[in-house]
Amino acid sequence: PRWCVCVPAVVDGHAYVAWMGEYLGVCAWTPIEVVAVAFGMANIGFWIFAQVPQLWTNFRSKKVEALHPAFLAAWLLGDAANLIGCILAE
């Protein structure tokens with residue numbers, strides 16, 4: 001099943017990128033929009049891999065004292081801002 005339907009199919013002479021709609025649920029028509037989606041995906045990948053050293057250290061030491069409360073608060077604030085941005089974009 002398709003995640004989204006991109007209407008109209010063509011915007012300013014650019015057809016929407018079908019695989020992005022099919023697999024990511026994102027409608028992107030112009031090259032700038034495609035690059036924006038690519039940067040967003042790269043951001044998610046970098047964010048995941050940025051957490052790996054911290055998680056590995058905590059796993060090996062069996063302690064979580066390295067997680068400073070300010071870090072967790074900033075993380076929560078960033079996720080909340082991301083959620084609000086998603087809600088407002090719809």
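1. The surface carries a nonpolar patch of about 600 Å², to which M41, I44, W47, I48, F49 and V52 contribute. The structure discussed here is a predicted model.

2. One member of this patch, V52, belongs to helix 2, which spans residues 31–61. The relative accessibility of V52 is 41%. V52 therefore counts as partly exposed, since that class lies between the limit for buried, under 20%, and the limit for exposed, over 50%.

3. A search of the whole structure finds one disulfide. The bond joins C6 and C27, whose sulfur atoms are 2.1 Å apart. The two cysteines are 21 residues apart, and the pair links distant parts of the chain. C6 is found in the segment before strand 1 (10–11), whereas C27 is found in the loop between helix 1 (18–24) and helix 2.

4. The torsion about the S-S bond of C6 and C27 is about -95 degrees, and the disulfide is therefore left-handed.

5. C27, at 27% relative accessibility, counts as partly exposed.

6. I87 is placed in helix 3, which covers residues 69–89. With a relative accessible area of 56%, I87 is exposed, because the cut-off for that class is over 50%. I87 and L77 are ten residues apart in sequence, and their C-alpha atoms are 15 Å apart in space.

Technical notes:
Residues are numbered from 1 along each chain as its sequence is written. This is a predicted model: local features need pLDDT of at least 70, side-chain atom pairs count only at pLDDT 80 or more; totals for chains, interfaces and linings use all residues. Side-chain values use heavy atoms; hydrogens and water are left out. Helices (H or I, at least four residues) and strands (E, at least two) are DSSP runs, numbered from the N terminus. Buried means under 20% relative accessible area, exposed over 50%, partly exposed in between (1.4 Å probe, protein chains only). Patches are made of residues with over 30% relative accessible area and no salt bridge: like charges are joined within 9 Å, nonpolar side chains (Val, Leu, Ile, Met, Phe, Trp, Tyr) within 5 Å. Accessible areas come from the Shrake-Rupley method with a 1.4 Å probe; for residues, only the protein chains shown count as cover. A salt bridge is a side-chain nitrogen of Lys or Arg within 4 Å of a carboxyl oxygen of Asp or Glu. A disulfide is a pair of cysteine sulfur atoms within 2.5 Å.
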